[in-house]
Amino acid sequence: MDQTRLHAWHIAAGAKMAPFAGYDMPISYPMGSVEEHLVTRRSVGLFDIDHMGQVEVTGPGADAFVSRIVSSRVLDMKDGDARYSLLLNERGTVIDDLFVYKLPRAWWIVVNASNRAEDLAWMRALANTHKPAEVRIDDRSEETYMIAVQGPRAIELLDLVSDSRISAYPRFSSGNAKVLGVPCLVGRTGYTGEDGVELFFPADDAEKLWTGLIAEGEKRGIETKAIGLAARDSLRFEAGMPLHGHELSQDISPLESGFKWACDLEKDFVGKAAVERLASAGVTRKLVGLTVQGGVPREGYEVQDESGRAVGSVVAGMFCPTAKVFAANAFVEPGLAKSGTALRVIIRGKPAPAVVVKRPLYVPAYRR
Amino acid sequence: MSIDKNSRYRSSHEWARKDGARVVSGISDHAQDALGDIVFVELPEVGKVLKQGEAFGVVESVKAASDVYMPMSGKILAVNEALSGDPALVNREPYSGGWFIAYEPTNPSEWDGLLTPEAYEAEAGKE
């Protein structure tokens, strides 16, 4: 199993570790994942996300190639822009979801750890049938470290320790800055629903930047804590962000999980024909949010209507520390997807009352 | 790992403590630490009669749901209502405010078969 360069730090901090996407990752620290979630919502959380992958696409054909392989519009992006997108297969289902950065001399694509190998194989195969001489694909995951700094005071902290004003970056843009002396690509992006950044920098500087940010936060009276993957999941869930393998997968169309907005039907892209076919035929299930009484609704639990008929299943569910509810994401028949619809989730053989609610349960900072 | 010296234990990490004629039970400090943040506890109806080793409830942490088992046979006299509003009491005070159930033991001699604090500490320490 792989380890990130902060592995020894996590162990020394008393983290509970578990395998995730081939890495031994911190799930929670002694503070506990509920408190970690709340710290990120009130101040600053630091996330070791080195397991995420980074793919660089360059060459004279790179613009046309990237536009063809991802679902969202990218050719209108300016240097520094960062945009959410999907990597679809020809069936119009989701190989991965990713962030595409347009940099001055390259496309920088951030992919999920668990899908990195498959994404790269898919991209390389498409490049070979596209214009192989004009597109170069490099996996930059090994030499690149990635830390997320998230929370309402994250930008304040970053401004204090950087050589340029991170607060001047618009949401979903990026720039180059030295943070605590370390040269970083700073993206004003994240996966928590809070303001903040994701930092890309040389892997050798991981411990320096990580421990430096914690120390600077403490020194300046800005509560800054390491956050594990359990809280990362509850933060993203509450903010309505998808996790590949749950709300998105190769068995799920973006139309079913509400990601039509990430598909630019005015351009050509891999999977477009399938998306258009499903759009005209109509989806047979839709992703909904449910709040549930009487236990934690977990992945795989059956969803029933009030008559007891099975109408879908839970793809992710948990206790939401800020919204203070038990909630689930589930795919159900379109006729049952309206807010206020009464359903049930079967928890340990017993029907627990559930109601369809508007997602997200926590409105992300950039949407307020 | 803290151990309540006045309790006896099951190897499945429940404790039992005599309280007059009643027995009170919950889960050990070792168990709450291994489970992580506890977000929901399901407890039995008062009056229910359960055998030793039978599941009496469920404790749900952020990561998983786990059954909890009767350390001794008994009739449920009271359950800790405070856990429905504040299940994290189990994390903070596993041997006091985070108790689960109080019951009338129907076979008091089962006490002698439970693990002593020393035996439980040795067993849990090996995990």
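## Enclosed space

About 50 Å³ of space lies in the largest cavity of this predicted model; a cavity is a set of points on a 1 Å grid over the protein atoms alone where a 1.4 Å probe fits but cannot get out. Grid points are joined across faces, edges and corners, and a volume is the space filled by probe spheres set on the points. The lining of the largest cavity consists of A:Phe237, A:Glu238, A:Gly240, A:Gly289, A:Ala328, A:Asn329, A:Val357, A:Arg359, A:Pro360 and A:Leu361, lining residues being those with an atom within 4 Å of a point. Helix 7 (229–238) and strand 17 (325–332) of chain A are the elements that give two or more residues to this lining. Helices (H or I, at least four residues) and strands (E, at least two) are DSSP runs, numbered from the N terminus. By class, the lining of the largest cavity holds five nonpolar, three polar and two charged residues; Ala, Val, Leu, Ile, Met, Phe, Trp, Tyr, Cys and Pro count as nonpolar, Asp, Glu, Lys and Arg as charged, and the others, Gly among them, as polar.

The search of the whole structure finds two cavities of 30 Å³ or more. The second largest cavity has a volume of about 30 Å³ and is lined by A:Pro26, A:Phe47, A:Asp48, A:Ile227, A:Gly228 and A:Leu229. Four of these lining residues are nonpolar, one is polar and one is charged.

## Basis of the model

This is a predicted model, in which local features need pLDDT of at least 70 and side-chain atom pairs count only at pLDDT 80 or more, while totals for chains, interfaces and linings use all residues. Residues are numbered from 1 along each chain as its sequence is written, chains are lettered from A and ligands numbered from 1 in the order in which they are written, and side-chain values use heavy atoms, with hydrogens and water left out.

## The second largest pocket

Two or more lining residues come from each of strand 5, strand 6, strand 7 (106–111), strand 14 (286–292) and strand 19 (350–357) of chain A. The lining of this pocket comprises 24 nonpolar, eight polar and nine charged residues.

## Chain A: overall form and strands

Chain A has eight helices and 19 strands. Its radius of gyration is 21 Å, close to the 21 Å that the globule rule gives for 368 residues, so chain A is as compact as a globular protein of that length. The radius is taken over C-alpha atoms, and the globule rule is 2.2 Å times the number of residues to the power 0.38. The C-alpha atoms of chain A fill a box of roughly 60 × 50 × 40 Å along the principal axes. Of the 368 residues, 59% count as buried, meaning under 20% relative accessible area (1.4 Å probe, protein chains only).

An open antiparallel sheet of chain A contains five strands in the order 5-6-7-4-8. Its edge strands, each pairing on one side only, are strand 5 (82–88) and strand 8 (136–139); two strands pair if DSSP finds at least two bridges between them. The twist averages 30° from one strand to the next, with axes fitted as lines to C-alpha atoms and angles running from 0 to 180 degrees between N-to-C directions. Strand 5 and strand 6 (residues 94–103) of chain A are joined by seven bridges in the antiparallel sense, and A:Leu87 has A:Asp96 in strand 6 as its bridge partner.

Strand 1 (residues 16–20) and strand 2 (residues 23–28) of chain A pair in the antiparallel sense over five bridges. A:Lys16 stands opposite A:Ser28 in strand 2 of chain A. Two residues lie between the strands of this hairpin, in which A:Ala21 takes a positive phi near 50°.

## Chain B

Chain B has four helices and nine strands, which run β-β-β-α-β-β-β-β-β-α-α-β-α from the N terminus on. Its radius of gyration of 13 Å agrees with the value near 14 Å that a compact globule of 127 residues would have. Buried residues make up 48% of chain B.

Strand 6 (residues 55–61) pairs with strand 7 of chain B over five bridges, and B:Val59 stands opposite B:Ser66 in strand 7.

Terms used
Buried < 20%, exposed > 50% of the residue type's maximum accessible area, 1.4 Å probe, protein only. 1 Å grid on protein atoms, 1.4 Å probe; cavity = no way out; pocket = protein on both sides within 12 Å on 5 of 7 lines; lining within 4 Å.
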